[in-house]
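Here are a few friendly notes to read alongside the model. Take them one at a time, with the structure open beside you.

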Amino acid sequence: MTVTKNTLIGEILKADQTTAPYFLEMGMHCLGCPSSTNESLEQACMVHGVSVQELIDKLNKHISI
C-alpha cells in the first residue's frame, strides 16, 4: 500500500494497525469514530494542523519496513 493525501484513515488502519501511533501523535485520538475513519489523510491533517506531506512520508516509510 502507498499512502497519498487522498487515502482514507480507515484504509490505512485496516492495512496496518501499527500506524495508529502516528495518528495519535498528531492529536487524532478518536480513531474508532466512523467520521475519522472516513476522512482522507489530507482532511485530517488540515483539521489537526499537521503537514500532510510529512505524515505521508512517515506512514509510507513505516509501511514499507
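1. A nonpolar core is a set of buried Ala, Val, Leu, Ile, Met, Phe, Trp, Tyr and Cys residues joined through side-chain atoms within 4.5 Å. Buried means under 20% relative accessible area, with exposed over 50% and partly exposed in between (1.4 Å probe, protein chains only). The largest such core here has 16 residues, and Ile9, Phe23 and Leu41 touch the most other members. At least two core residues come from each of helix 1 (9-15), helix 2 (20-25), helix 4 (41-48) and helix 5 (52-64). Helix 5 gives the largest share, four residues. (Helices are DSSP runs of H or I, at least four residues, numbered from the N terminus.)

2. Before going on, please note that this is a predicted model: local features need pLDDT of at least 70, side-chain atom pairs count only at pLDDT 80 or more, and totals for chains, interfaces and linings use all residues. Residues are numbered from 1 along each chain as its sequence is written, and side-chain values use heavy atoms, leaving out hydrogens and water.

3. Which residues does Phe23 touch, not counting those up to four places away in sequence? They are Ile9, Ile12, Leu13, Met28, Leu31, Leu41, Leu55 and Leu59. Contact means heavy atoms within 4.5 Å.

4. Now look at helix 4 and helix 5: Leu41, Glu42 and Cys45 in helix 4 meet Val52, Leu55, Ile56 and Leu59 in helix 5.

5. Ser40 lies in the loop between helix 3 (34-37) and helix 4. Ser40 counts as buried because its relative accessibility is 9%. Beyond its neighbours within four places in sequence, Ser40 contacts Lys5, Asn6, Thr7, Leu8 and Ile9.
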